[in-house]
Amino acid sequence: MAIFHWKLQRISAILLVPVVVYVTLYLLNIGELSYADVVDDVSSFQSIFLIGFMALVLFTHSSLGIETILEDYIHDTKTQSLLVNLSKFFHAILFLLTLISLIVIKGN
Amino acid sequence: MNNKRPVSPHLQIYKPQLTSVLSITHRFTGVILSLFSILIPFSLLFISFGSDYYQLFLLIANHVFIKIILIGTIFSLAFHLSNGIRHLFWDMGLGLSIEDSYMSGYLVILTSILITFFAIFYIT
């Protein structure tokens with residue numbers, strides 16, 4: 001399980017490198033774009049699939065990182081497992097919210 | 001046995017050095033980025049509410065106070081990204097000597113600062 005955690009953390013990190021660069025440059029430029037441009041960019045089937053997949057990778061990477069930190073610094077096993085589960089729950093909610101928003105934008 | 005004793009690395013008694021400081025900063029910036037990742041679904045949510053809400057989103061993002069927070073987040077992102085790449089090289093068994101890890105450490109600091117300055121120039 002620990003090996004799986006380690007590998008998943010590395011694979012998600014590698015996948016995130018180009019995404020982080022692209023998204024940061026896009027967001028720095030967002031002031032230049034009209035509402036229609038942005039909607040256009042995020043509502044094609046390819047971009048919904050890509051943003052959805054990358055959100056899954058990002059929130060997985062984030063969740064694994066927070067889990068590692070909680071395991072290292074929270075001593076009480078009950079509190080630790082409660083916080084790890086809470087973190088996983090919030091990350092899942094953020095991922096679902098991303099998907100729902102994308103579907104609503106597409107539907108508009 | 002005292003289960004409440006500090007776990008390794010013992011930050012309270014550990015002499016700060018470049019390698020350990022960068023390692024701790026990697027974790028710290030990771031937590032900051034986890035918190036700010038909330039912005040991804042929320043910005044999409046604003047877009048899904050329509051043009052007026054999107055304009056409101058841009059107006060909020062344009063505020064000086066928010067810009068300062070964003071610059072801090074961009075530094076965290078630049079640091080976590082470049083130090084993360086350093087970690088990936090280590091995982092492949094490359095650059096593990098003390099000399100190499102110090103050199104890559106200084107390179108990470110330089111890269112993060114340069115990316116942050118580029119972003120400040122771009123934002124303002």
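1. What covers the buried residues of α2(B)? The cover includes α2, α3 and α4 of chain A together with α3 (51-61) of chain B. The buried residues of helix α2 (residues 39-48) of chain B are Ile40(B), Pro41(B), Leu44(B), Phe46(B), Ile47(B) and Ser48(B), where a residue is buried if 20 or more other C-beta atoms, placed from the backbone, lie within 10 Å of its own, exposed if 12 or fewer, and partly exposed in between. Just after α2(B), Gly50(B) takes a positive phi of about 115 degrees.

2. On the basis of this note: the model is predicted, local features need pLDDT of at least 70, side-chain atom pairs count only at pLDDT 80 or more, and totals for chains, interfaces and linings use all residues. Residues are numbered from 1 along each chain as its sequence is written, while chains are lettered from A and ligands numbered from 1 in the order in which they are written.

3. Chain A has four helices and zero strands, in the order α-α-α-α along the sequence; helices (H or I, at least four residues) and strands (E, at least two) are DSSP runs, numbered from the N terminus. With a radius of gyration of 17 Å, well over the 13 Å that the globule rule gives for 108 residues, chain A is more spread out than a compact globule; the radius is taken over C-alpha atoms, and the rule is 2.2 Å times the number of residues to the power 0.38. The C-alpha trace of chain A spans about 50 × 25 × 25 Å along its principal axes, and 19% of its 108 residues are buried.

4. Chain B comes to five helices and zero strands, following the pattern α-α-α-α-α. Its radius of gyration is 19 Å, whereas a compact globule of 124 residues would have one near 14 Å. The C-alpha atoms of chain B fill a box of roughly 55 × 40 × 25 Å along the principal axes, and 21% of the 124 residues count as buried. Among contacts in chain B between residues at least 6 apart in sequence, 73% join residues at least 24 apart, a contact being two residues whose C-beta atoms, placed from the backbone, lie within 7 Å.

5. Between the chains, 30 residues of chain A are in contact with 27 residues of chain B. On the side of chain A, the elements that give two or more residues are α1 (2-28), α2 (35-42), α3 (45-73) and α4 (77-107), and α3(A) gives the most, with nine residues. By class, this side has 20 nonpolar, eight polar and two charged residues; Ala, Val, Leu, Ile, Met, Phe, Trp, Tyr, Cys and Pro count as nonpolar, Asp, Glu, Lys and Arg as charged, and the others, Gly among them, as polar.

6. α1(A) and helix α4 (residues 64-91) of chain B pack at an angle of about 145 degrees, with their axes 11 Å apart; axes are lines fitted to C-alpha atoms, for helices over the stretch in contact, and angles run from 0 to 180 degrees between N-to-C directions. Residues making the contact include Ala13(A), Val17(A) and Val20(A) of α1(A) and Leu77(B), Leu81(B) and Leu88(B) of α4(B). By class, the contact has eight nonpolar, two polar and two charged residues.

7. Finally, Val57(A) lies in helix α3 of chain A and is partly exposed, with 19 other C-beta atoms within 10 Å. Leaving aside its neighbours within four places in sequence, Val57(A) is in contact with Ser12(A), Leu15(A) and Leu16(A).
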